[in-house]
Amino acid sequence: MKNAKILAALLGSICLFAGVAQAADTANTPRNSRLDDQTQLPKAPAKPVSQQYFQPPADTDIPNNAFGELVRRGQDLFMNTKALAPEYVGNEMNCVNCHIDRGRKANSAPLWAAYPMYPAYRKKNNKVNTYVERMQGCFQFSMNGKPPTADSEILTALTTYAYWLSTGAPTGKALPGRGFDEPPPPKGGYDIARGKAVYEKQCQLCHGENGEGKKVGVTSVFPALWGKDSYNWGAGMHRINTAAGFIQHNMPLGRGETLSDQEAWDVAAYINSHERPQDPRLVNGSIDETRKRYHADDGVNLYGVVVNGKKLGQGVQ
Amino acid sequence: MRKLITPLLSGLLLLPALLPLSAQAVDGSDIMQKGGANPAAMPCITCHGTDGKGMAAAGFPRLAGLPEAYIAKQLADFKAGRRENAVMQPIAQSLTPEEVAAVAKAYAELPKVNIKPGPVERPQPGSGAWIALRGAWERNIPECTLCHGPAGVGVGDTFPPLAGQSALYIENQLKAWRGTKAVAATRKTKAVAAVPPSRRNDPNGLMAHIAVDLSEAEIKAVSDYFAGLGESKEAFDESQHRLR
């Protein structure tokens, strides 16, 4: 059933498709909501029942040479982003939080389905984006930080890791399992109050009563879902449709695809109806202008929307 | 009214004689050493060791430094039968709620297990370390450390430390979560009935499916891995990142 969902226009992809544009934009580039919005690529094709998802190589296949060393370094960074690249991560997120199983898991925005799709022309910013530029978007929005430079050791290592995971994957061909395979919006819409009930029952145990996540010492174990330690208002995950896809396929951890599409949408709406760090593209200090330019056409999101008497998008420090 | 009150009062007067300790404040370390007021609540140290670190050879778990709420929950679950164990159930049933609270607090105050932060580990596929650090996502099995914390030091009140526990204890728990499947009769052998899981107290069913989907060999290997981590003599350092 899931595979039959056709909603390309609405469906966002995630942090992986969020905001490359921004990092690469020059001040002279004309902007409008169409060009800069965070939306995304068409929906990934359905997986034929008889077929497996693409299988990335095994760790035992990493060669014992300089290339292999960089693959391992990329993997280390991918799993321990905050600890190993603290100057570029402004919150407590690590790449692996959204890209489960070290970027290998289908429908958790696997790197093997992303890497071979770049460089790609995106009409959003009217230019050809490289994979490195795409990752810089992750650092700026999902990690609420400062992107490392394109020729940095960090982005070279992360690129090498993604390239290695894509060994044998066809270039320029959208693979099943790409992105989050988002469920269609429920017929009756989503409900934040119902989402709160789902959250308390299924998510709070790990992510905390206030979405703050859980740590061991200074190390984040369960990521924050809102507040200062979480992704900012510009990240792809701030879209309810995108978060619903991630949640439906991957949450609760190890028990993915147990929540209904409705529950996934409701709880995604609850999570994304909380304050988080400001969209770094804030236009003239105005939430309304920022909504108009970057959020109005960007899937289903609550930036600049009044919820429970409060306009969302204030940001948190 | 009077008819009711009189027996009630005399009952209250008798109570201190029946439970000599109940009038005093309950002391957790006293319960560890000497047991609860009810003699059926044996001293904890008999099995869990004088230092609270358990007895590895017998599979009695470490309690030292475990979260207070976790210990209290386990005792409540033994009592309610959500966690079955021939030794612990009668003990849990003999402890008063005050004694449970006191002993949970006292064990939580003992030193927590510490594994010194180190460089990123490179586990070999097929090893116990692999399950612990990488999981088996093709079967929806997250790496143990994803919930139990880096090096299995435990996270919050819900996810207890695996480090510091013996291989036998961890193995027994994984087997308790899964039970055994029924085996059909053949011409030469009799049918074996399924044994339902004897531990059913995992929040949101997070552990049961993992234990069911791990192989016997994986259970053994991952239990050995955590038991083999040992324990650092240094105090738990909250300021250093622990790498995955």
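The model is predicted, and local features need pLDDT of at least 70, side-chain atom pairs count only at pLDDT 80 or more, and totals for chains, interfaces and linings use all residues. Residues are numbered from 1 along each chain as its sequence is written, while chains are lettered from A and ligands numbered from 1 in the order in which they are written.

Chain B is assigned domain 1 (23-109) and domain 2 (128-227), with bounds taken from an automatic or database domain assignment. Their C-alpha centres lie 23 Å apart. Domain 1 of chain B and domain 2 of chain B each give 13 residues to the contact, where two residues are in contact if their C-beta atoms, placed from the backbone, lie within 7 Å. Over residues 121-230 of chain B, the chain is 37% helix and 0% strand; helices (H or I, at least four residues) and strands (E, at least two) are DSSP runs, numbered from the N terminus.

Between the chains, 27 residues of chain B are in contact with 23 residues of chain A. On the chain B side, helix H8 (144-148) and helix H10 (208-213) are the elements that give two or more residues.

In chain A, strand S3 (residues 214-216) and strand S4 (residues 219-222) pair in the antiparallel sense over three bridges, pairing being defined by at least two DSSP bridges between two strands. A:Lys215 stands opposite A:Ser220 in S4(A). The two strands form a hairpin with two residues between them, and A:Gly217 in the turn has a positive phi of about 60 degrees.
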